[in-house]
Amino acid sequence: MSLKKYKNIFWDFDGVIKDSLDVKSEAFLNLFHGIDVNLKKRIEDHHLNNSGISRYKKIPLYLEWAEIDKSQLTNYLDLFEKDVINRVLKSNWVMGAKEYLSSNPYRQNFFLVTATPQKEIEFILKKLNILNAFTSIFGSPVDKSLAVKKIIFDNKLLKGECIFFGDALTDYNASLENGISFLLRMHKHNKEIFKNISIDYKVEDFTNYEQI
């Protein structure tokens, strides 16, 4: 594989640019700090196994599991947002990701497609000084597959020149449904998820992108 042949790269954020899956787990668990330890484990496992799914679907489910009145949803979402932004900003970068984004060695078009809410991801990217690296940014509530489809259509992209850098099933499915290539960023949380799925391109980080 040679990344040079792809003019357009679709990036996921959590687990691909920032190693932030664990800190988002911490934010979910902090939100439900008073609950039973077994329920905490259930929430943590669900989050990590469904990393590409929006909090707007996860938190209502967790409230139901914890038997907390759904009328508290807005309050829980607000508390989560305030906590998680700080955690994500402080989290480690996936090795080589920032350098690749900043240098853009092959003069590719970068597009961000994430389950993080739109305004929040724009704020985070600005704080991280990588907002301008992306031609366009799509966050929640836009479905990832629809976001990819819209970007391809609006920019008249050739599918053979597009690749999705992701780490979740939602990323893989978005690439599959749009007929574009997929590169899996492997880590400890997705090995089981992808163990029975044939993926052509896999990396653990982007430090040696010339050799991908």
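The legends below describe close-up views of a cavity and of the nonpolar cores in a predicted model.

Residues are numbered from 1 along each chain as its sequence is written, and side-chain values use heavy atoms, with hydrogens and water left out. Because the model is predicted, local features need pLDDT of at least 70 and side-chain atom pairs count only at pLDDT 80 or more, whereas totals for chains, interfaces and linings use all residues.

View 1. The structure holds one cavity of 30 Å³ or more, a cavity being a set of points on a 1 Å grid over the protein atoms alone where a 1.4 Å probe fits but cannot get out. The largest cavity has a volume of about 170 Å³, taken as the space filled by probe spheres set on the points. Of its 19 lining residues, Asp14, Lys24, Ser51, Ile53 and Ala115 are the closest to the centre; lining residues have an atom within 4 Å of a point.

**View 2. Elements that line the largest cavity.** At least two lining residues come from each of α1 (21-31), α3 (55-65) and β2 (109-117), and β2 gives the most, with four.

**View 3. The largest nonpolar core.** This core has 46 residues, and those with the most contacts inside it include Trp11, Phe165 and Phe206; a core joins buried (under 20% relative accessible area, 1.4 Å probe, protein chains only) Ala, Val, Leu, Ile, Met, Phe, Trp, Tyr and Cys residues through side-chain atoms within 4.5 Å. Helix α4 (residues 73-90) gives the most to this core, with six residues.

Conventions. 1 Å grid on protein atoms, 1.4 Å probe; cavity = no way out; pocket = protein on both sides within 12 Å on 5 of 7 lines; lining within 4 Å. Buried < 20%, exposed > 50% of the residue type's maximum accessible area, 1.4 Å probe, protein only.
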